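Please find below a colleague's note, written to accompany the sequence and the structure. Each numbered point may be read with the structure in view.

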Amino acid sequence: MNILLIGYGKMGHTLEALATARGHRIAGIVDPGQAEGPAIADFTPATADVAIEFTRPDAAFANVAACLRQGIPVVCGSTGWLGQWDEAVALTNELKGSLFYASNYSVGVNLFFHFNEYIAAKMHQFGGYDVAVREIHHLQKLDQPSGTAVTAAEGILAHFPAKTSWRNAPAQGPRELAVLSERTADVVGTHVVTYTSEVDTLELKHEAHSRAGFAQGALLAAEWLPGRAGVFGMKELLGL
Ligand SMILES: NC(=O)C1=CN([C@@H]2O[C@H](COP(=O)(O)OP(=O)(O)OC[C@H]3O[C@@H](n4cnc5c(N)ncnc54)[C@H](OP(=O)(O)O)[C@@H]3O)[C@@H](O)[C@H]2O)C=CC1
Ligand SMILES: O=C(O)C1=N[C@H](C(=O)O)C[C@H](O)C1
């Protein structure tokens, strides 16, 4: 496939190496660091089968919209832009385009999401536990809490009715779910859901060892998306 890379930072470089190793061709790289580099508007479905977008919260929606307007299926991994999610879905449907989004592309994290929802439902059934979410990332991360932590928090709220909202700070009452963020050098991405009762603690933890898992999942999505119109995520891709 011809893959357009949008964003050539930590994820862009990891994706380039993996995509090339899997026999794909990089159709172009769109990034402010590319001197006189191309723009998304320079590409069409004839030159790019799919675009993969990993940039920053304030750039993601415009990039997604530009791909949709060019008729190029887009796999987006940027986090922290979901205030514009409804607009992205409406534009995808209006243009009969193809949009794939995941707050985390790693297969392990998507299993974590699945077990998170299962555990939340069981904890609600048996009772006696309080719950909190914690995420730890490197110092360059722009958004807080992480997109993954938001997905995990929403999964808990959907299955654990004792919690009705989440806050990126210690909970201010029993009905609030605390989502705590830490920033530490060189941590790729760690997420922990902790249930505590008077008698014990149960933890569900995912720790990324490198960015390879994110890139592998994003490439799987990029190979799967072309030819499918609509909005998709990892549940559809992995059958979870
Ligand atoms: N869903 C997932 O599985 C994962 C998501 N992420 C998310 O992906 C995003 C990128 O992460 P990461 O690669 O680590 O970040 P980096 O900061 O390392 O790379 C981002 C790159 O995008 C460039 N950029 C900024 N604005 C634009 C624009 N308008 N168009 C094209 N490129 C642009 C940046 O340039 P400059 O430095 O000049 O601004 C930089 O080179 C983040 O939002 C992160 O949270 C990360 C890992 C996994
Ligand atoms: O910025 C990162 O690095 C990461 N961002 C994603 C998120 O916000 O959840 C995924 C992963 O944790 C790495």
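The points that follow treat the domains, the ligands, the nonpolar cores and some individual residues.

1. The model discussed here is predicted. The domain assignment of the protein chain gives two parts: domain 1, formed by 2–105 + 212–238, and domain 2, formed by 107–207. The C-alpha centres of domain 1 and domain 2 are separated by 27 Å.

2. Contact between the domains. On one side, 10 residues of domain 1 take part in the contact, and on the other, 11 residues of domain 2. Helix 6 (212–224) and helix 7 (234–238) are the elements that give two or more residues to the side of domain 1 that touches domain 2. Sorted by class, that side of domain 1 has 6 polar, 3 nonpolar and 1 charged residues.

3. Record annotations. In an unreviewed entry, UniProt annotates residues 1–104 as "domain: Dihydrodipicolinate reductase N-terminal". Over residues 1–104 the chain is 36% helix and 21% strand, with 23 Å between the end C-alpha atoms. A further UniProt annotation, also from an unreviewed entry, is "domain: Dihydrodipicolinate reductase C-terminal", and it covers residues 108–238. That span, 108–238, is 38% helix and 27% strand, and its end C-alpha atoms lie 11 Å apart.

4. Ligand 1. The shell around ligand 1 comprises 27 residues, of which Gly7, Gly9, Met11, Ala59 and Gly77 are the closest. The elements that give two or more residues to this shell are helix 1 (10–21) and helix 2 (57–70). By class, the shell around ligand 1 has 12 polar, 11 nonpolar and 4 charged residues.

5. Ligand 2. Which residues are around ligand 2? They are Thr79, Ser103, Asn104, His137, Lys141, Ser146, Gly147, Thr148 and Gly189. This shell divides into 8 polar and 1 charged residues, with no nonpolar residue. Ligand 2 lies between domain 1 and domain 2, because both domains give residues to the shell around it.

6. The largest nonpolar core. This core has 42 residues, and those that touch the most other members are Ile52, Val64, Val75 and Ala218. At least two residues of this core come from each of the following: strand 1 (2–6), helix 1, strand 3 (50–53), helix 2, strand 4 (74–76), strand 5 (98–101) and helix 6. Apart from this core lies another, of 21 residues, including Met123, Tyr129, Val131 and Leu177.

7. Val75. With its neighbours within four places in sequence left aside, Val75 is in contact with Val50, Ile52, Glu53, Phe100, Ala218, Ala221, Ala222 and Leu225. Val75 is also one of the residues that touch the most other members of the largest nonpolar core.

8. Val50. Is Val50 buried or exposed? Val50 is buried, because 25 other C-beta atoms lie within 10 Å, and a residue is buried if it has 20 or more. Val50 is found in strand 3. Leaving aside neighbours within four places in sequence, the contacts of Val50 are Met1, Ile3, Ile72, Pro73, Val75, Ala222, Leu225 and Pro226. From Val50 to Tyr105 the separation is 55 residues in sequence and 16 Å in space, C-alpha to C-alpha.

9. Phe112. This residue is in helix 4 (residues 107–126). Phe112 is buried, because 21 other C-beta atoms lie within 10 Å. Beyond its neighbours within four places in sequence, Phe112 is in contact with His191, Leu204 and His206. Phe112 and Ala102 are 10 residues apart along the chain, and their C-alpha atoms are separated by 13 Å.

10. Backbone geometry. Most residues other than glycine have a negative phi, and most peptide bonds are trans. The peptide bond from Gln144 to Pro145, however, is cis, with omega near -5 degrees. Pro145 lies in the loop between strand 6 (130–137) and helix 5 (147–159).

11. Positive phi values. Lys96, a residue other than glycine, has a positive phi, near 55 degrees. Lys96 is in the loop between helix 3 (85–95) and strand 5. Why does Lys96 count as exposed? Lys96 has 10 C-beta neighbours inside 10 Å, and a residue is exposed if the number is 12 or fewer. Asp186 likewise has a positive phi, near 65 degrees. Asp186 is found in the loop between strand 8 (176–183) and strand 9 (190–196). Asp186 has 7 C-beta neighbours inside 10 Å, and therefore counts as exposed.

Notes: Residues are numbered from 1 along each chain as its sequence is written. Chains are lettered from A and ligands numbered from 1 in the order in which they are written. This is a predicted model: local features need pLDDT of at least 70, side-chain atom pairs count only at pLDDT 80 or more; totals for chains, interfaces and linings use all residues. Domain bounds come from an automatic or database domain assignment. Two residues are in contact if their C-beta atoms, placed from the backbone, lie within 7 Å. Helices (H or I, at least four residues) and strands (E, at least two) are DSSP runs, numbered from the N terminus. Ala, Val, Leu, Ile, Met, Phe, Trp, Tyr, Cys and Pro count as nonpolar, Asp, Glu, Lys and Arg as charged, and the others, Gly among them, as polar. A residue is near a molecule or strand if its C-beta atom, placed from the backbone, lies within 6 Å of it. UniProt positions are given in the numbering used here, feature names are shortened, and annotations may be inferred rather than shown by experiment. A nonpolar core is a set of buried Ala, Val, Leu, Ile, Met, Phe, Trp, Tyr and Cys residues joined through C-beta atoms within 7 Å.
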